[in-house]
Amino acid sequence: MSDDHGVWAYAITAGNDGADLSVLTGVAGATVRAARAAGLIVLVSDVDLAEFGEAALRRNLEDLDWLEGVARAHHAVIEDASRLFPLLPTRLATVYSSDESMAAVLGARREELLAALERVGGRVEWGVKAYAVPEAEPEAPVAAESPASAASAGAARGAGLAYLKRRRAQLSARTESWRAALAAARAVHAHLSAHAVLSRLHAPQSPQLSGDQRPMMLNAAYLLDANQGTGFAAQVSAAADAHPELEVDLTGPWPPYSFTGDDGQAADAGEDPAGTAQDA
Amino acid sequence: MGLARELVPAELPSQRVALVDLLDRVLAGGVVVTGEITLSVADVDLVTISLRALIASVSALAGPAQEEETR
């Protein structure tokens, strides 16, 4: 590889079964190729270091439009290839200086990668998000707290106290409903985990990023055999029906991003579905 | 409730996934086999920093999140 180009990795596989990868288009429109590395095959494309080098990446990752384009291109390659053979997606922005240096890095972790491939082979990931149902605010008639309706200072003060009291009751009701929703989310996660090969909790999504203001109580991923999707969706529906305090969203199937074995990610037992513990 | 009940699992066409769901996976999932260049980019720390900046840039947009469906 020349000095001004690097190698962007999409996924690692034990074998691509001779699939023609050149039909896949990767980041920055580059053609995808299969690179042999330490007895594994890595789906890669060559990238310009002026855009994908370390300094450029630091800068570009802060640019939402750039990040979205790259994330979607990265995902498109992984998704298409995952229909053809088992693979381990690599994390976004894994860039090597050459095929040779990539092989050296992968070689040191070959056994671990093969074990991870074995684990995800023939399996897909499903995402389940659960939100607390926005409670119906038991709002008193607006007129009752309108200053115009208060004939005297004393009445105004009475109205103020009544407002504070009502507000306190509202907040306490909200705390209570969140607590109930969190308990429900824990139950749903435990139930779904029991039907999955593995499960993993993601941090709750940022409302700013998702555009969804409902409090997120669960953001989980479940690894399932590829033919278990229908049954799992039925489980999700049933769990949602059993917990009216939650609104449940199912996404997938995804390539097994969340089960590549790093960060102890596959080991969670679902102790804190909302991710409120200091683990994120 | 609601959404999940209507979902038809599997073999959905490769529809556009929500960016926020995708970022959960490509930034916090995927195997990390550190390359020389991205030594720290693949690090969770930098990803966290990036997301903080991201959120700031999203807030600056008029219509958050809906934007991603229009490309």
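Good morning, colleagues. Please bear in mind throughout that the model is predicted. I begin with the two chains. Chain A contains eight helices and nine strands. Of its 280 residues, 42% are buried. Chain B has 71 residues, of which 38% count as buried. Its secondary structure consists of three helices and zero strands, and the order from the N terminus is α-α-α.

The remainder of the talk concerns chain A. Among its contacts between residues at least 6 apart in sequence, 77% join residues at least 24 apart.

Let me turn to the domains. The assignment for chain A gives domain 1, residues 5-120, and domain 2, residues 122-280. Where they touch, domain 1 of chain A contributes eleven residues and domain 2 of chain A contributes nine residues. On the domain 1 side, helix 3 (64-82), strand 4 (88-89) and helix 5 (110-120) of chain A each supply at least two residues. Which of these elements gives the most to that side? Helix 5 of chain A does, with four residues.

Helix 3 of chain A deserves a brief description of its own. It has 19 residues and spans 26 Å from its first C-alpha to its last, close to the 27 Å expected at 1.5 Å a residue. Its buried residues include A:Leu64, A:Leu67, A:Val70, A:His74, A:His75 and A:Ile78.

Next, the core. The largest nonpolar core has 86 residues, and those with the most contacts inside it are A:Val42, A:Val128, A:Met217, A:Tyr222 and A:Leu246. This core takes at least three residues from each of domain 1 and domain 2 of chain A. To illustrate one of these residues, leaving aside residues up to four places away in sequence, A:Val42 touches A:Ala9, A:Ile12, A:Ala35, A:Ala37, A:Met102 and A:Leu106.

I now come to a sheet in chain A. Four strands form an open sheet in the order 7-8-6-9, with antiparallel pairing. Why do strand 7 (198-201) and strand 9 (246-254) of chain A each have one side without a neighbour in the sheet? Both stand at the edges, each with a single partner strand, so one side of each is left without a neighbour there. On average, neighbouring strands of this sheet are turned by 20 degrees against each other, direction ignored.

Strand 6 of chain A, residues 123-132, pairs with two of these strands. With strand 9 of chain A, strand 6 forms seven bridges in the antiparallel sense, and A:Ala130 stands opposite A:Val248 in strand 9. With strand 8 of chain A, residues 216-225, strand 6 forms nine bridges, again antiparallel. There, the bridge partner of A:Trp126 is A:Tyr222 in strand 8.

Is strand 6 of chain A enclosed or open? Ten of its ten residues are buried, so the strand is largely enclosed by the rest of the structure.

Helix 8, residues 229-242, has 14 residues and reaches 20 Å from its first C-alpha to its last, close to the 20 Å expected at 1.5 Å a residue. Among its buried residues are A:Phe232, A:Val236 and A:Ala240. Helix 6, residues 153-195, contains A:Ser193. A:Ser193 counts as partly exposed, because it has 19 C-beta neighbours inside 10 Å. A:Ser193 and A:Leu223 are 30 residues apart in sequence and 9.0 Å apart in space, C-alpha to C-alpha.

I close with some backbone details. Most residues other than glycine have a negative phi, and most peptide bonds are trans. Against that background, A:Ala28 has a positive phi of about 55 degrees although it is not a glycine. A:Ala28 lies in the loop between strand 1 (5-13) and strand 2 (33-37) of chain A. With 15 other C-beta atoms within 10 Å, A:Ala28 is partly exposed.

A:Ala38, likewise not a glycine, has a positive phi of about 55 degrees. Its place is the loop between strand 2 and strand 3 (40-48) of chain A, and it is partly exposed, with 17 other C-beta atoms within 10 Å.

Finally, a cis peptide bond joins A:Gly252 and A:Pro253, with omega about 0 degrees. Thank you for your attention.

Note on methods
Residues are numbered from 1 along each chain as its sequence is written. Chains are lettered from A and ligands numbered from 1 in the order in which they are written. This is a predicted model: local features need pLDDT of at least 70, side-chain atom pairs count only at pLDDT 80 or more; totals for chains, interfaces and linings use all residues. A nonpolar core is a set of buried Ala, Val, Leu, Ile, Met, Phe, Trp, Tyr and Cys residues joined through C-beta atoms within 7 Å. A residue is buried if 20 or more other C-beta atoms lie within 10 Å of its own, exposed if 12 or fewer, and partly exposed in between; C-beta atoms are placed from the backbone. Domain bounds come from an automatic or database domain assignment. Two residues are in contact if their C-beta atoms, placed from the backbone, lie within 7 Å. Two strands pair if DSSP finds at least two bridges between them. Axes are lines fitted to C-alpha atoms, for helices over the stretch in contact, and angles run from 0 to 180 degrees between N-to-C directions. The expected span of a helix is 1.5 Å times one less than its number of residues.
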